[in-house]
Amino acid sequence: MKRKLFPLDKNYILRQAQEAVEKEMMQMMVDELKKAFTLLFNPLELHDDTYLKILSVKSFPDEHLSIIYQQLAGIFRYKFGSNQLELRFDGKSHFEKYQEDWRQTLQKWVQGLGQDPAYVKNLLRMTLLYDTPSRALFAENRCKSLLNEHFGLLIIKRKGDLLMKLGS
């Protein structure tokens, strides 16, 4: 995909900042997912098979989680993106400032989404409780739909163009 942005466009820098912290933020999403599961479905922290599996899984295919991360990153750019760079007087670069803003916002969003049982179950199916690609794909699509609903977005694809509109 061609990037049609100017090199010093805020959205270009913001996208680079989000891509630079993707692995770190995906790990944070998994950690918050474990906490959310415990709070919602196992507040007594009983050591049943599912809970032990969630706690012990260290690796899983991360392409589905990456897509959810990218969707959240796109929502952030859509909601908070403009092409105007602000004047910085604190010594930080725009790149560092946008990374910091993105980290804080994503953490807040993930904690809020962690209160939705449907979001937690679907994210678990594509990460810590991954079993088959088809189930993970179904969970990914359901998760994307939940995110659009949560943020009040309507994504329409017409003639190859992706349009995002705020829902009412």
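What follows is a chat about the helices of a predicted model and a few of its residues.

Student: Before I get going, what kind of model is this, and how are residues numbered?
Tutor: It's a predicted model, where local features need pLDDT of at least 70, side-chain atom pairs count only at pLDDT 80 or more, and totals for chains, interfaces and linings use all residues. Residues are numbered from 1 along each chain as its sequence is written, and side-chain values use heavy atoms, with hydrogens and water left out.

Student: OK, what secondary structure does the protein chain come to?
Tutor: Seven helices and two strands. Here helices (H or I, at least four residues) and strands (E, at least two) are DSSP runs, numbered from the N terminus. Along the sequence the pattern reads α-α-α-α-α-α-α-β-β.

Student: And how much of the protein chain is buried?
Tutor: Buried residues make up 39% of its 168 residues. Buried means under 20% relative accessible area, exposed means over 50%, and partly exposed is in between (1.4 Å probe, protein chains only).

Student: What share of the contacts is between residues 24 or more positions apart?
Tutor: Counting contacts with a separation of 6 or more, such pairs account for 71%. A contact is heavy atoms within 4.5 Å.

Student: Let's do α5. Which of its residues are buried?
Tutor: His94, Lys97, Tyr98, Gln99, Trp102, Thr105, Leu106, Trp109, Val110 and Leu113. They pack against α1, α2, α4, α6 and α7 (133–151).

Student: What span should α5 have?
Tutor: Helix α5 (residues 94–113) has 20 residues, which at 1.5 Å a residue should span 28 Å, and its end C-alpha atoms are 28 Å apart, so the two agree. The expected span is 1.5 Å times one less than the number of residues.

Student: You mentioned α1. At what angle do α1 and α5 cross?
Tutor: Roughly 60 degrees, with the axes coming within 9 Å. That makes α1 oblique to α5. Axes are lines fitted to C-alpha atoms, for helices over the stretch in contact, and angles run from 0 to 180 degrees between N-to-C directions. As for the classes, under 35 degrees is roughly parallel, over 145 roughly antiparallel, 65 to 115 roughly perpendicular, and the rest oblique.

Student: Which residues make that contact?
Tutor: From α1, Lys10, Ile13, Leu14, Gln16, Ala17, Gln18 and Ala20; from α5, His94, Phe95, Tyr98, Gln99 and Trp102. By class that's seven nonpolar, four polar and one charged. Ala, Val, Leu, Ile, Met, Phe, Trp, Tyr, Cys and Pro count as nonpolar, Asp, Glu, Lys and Arg as charged, and the others, Gly among them, as polar.

Student: How about α2 and α6, at what angle do they cross?
Tutor: The axes of α2 (residues 22–41) and α6 (residues 117–126) come within 10 Å and cross at roughly 125 degrees. So α2 is oblique to α6 as well. Met29, Leu33, Ala36, Phe37, Leu40 and Phe41 of α2 meet Pro117, Tyr119, Val120, Lys121, Leu123 and Leu124 of α6. That contact divides into eleven nonpolar, no polar and one charged.

Student: Switching to His64: is it buried or exposed?
Tutor: His64 counts as buried, because its relative accessibility is 8%. It's in helix α4 (residues 63–80). Leaving out residues up to four places away in sequence, His64 touches Met126, Tyr130, Pro133, Ala136, Leu137 and Glu140.

Student: Ala136 and Glu140 are in that list. Which residues are buried in α7?
Tutor: Ala136 and Glu140 are among them, along with Ala139, Cys143, Leu146, Leu147, Asn148 and Phe151. Asn148 has 16% relative accessibility, so it counts as buried. Beyond four places in sequence, Asn148 touches Gln71, Leu153 and Ile155.

Student: Which residue other than glycine has a positive phi?
Tutor: Glu45 is one, with phi near 55 degrees. Most residues other than glycine have a negative phi. Glu45 sits in the loop between α2 and α3 (49–56), and its relative accessible area of 44% makes it partly exposed.

Student: Last one: how far apart are Tyr12 and Phe95 in space?
Tutor: 9.9 Å, C-alpha to C-alpha, though they are 83 residues apart in sequence. Tyr12 is in helix α1 (residues 10–20) and counts as partly exposed, at 22% relative accessibility.
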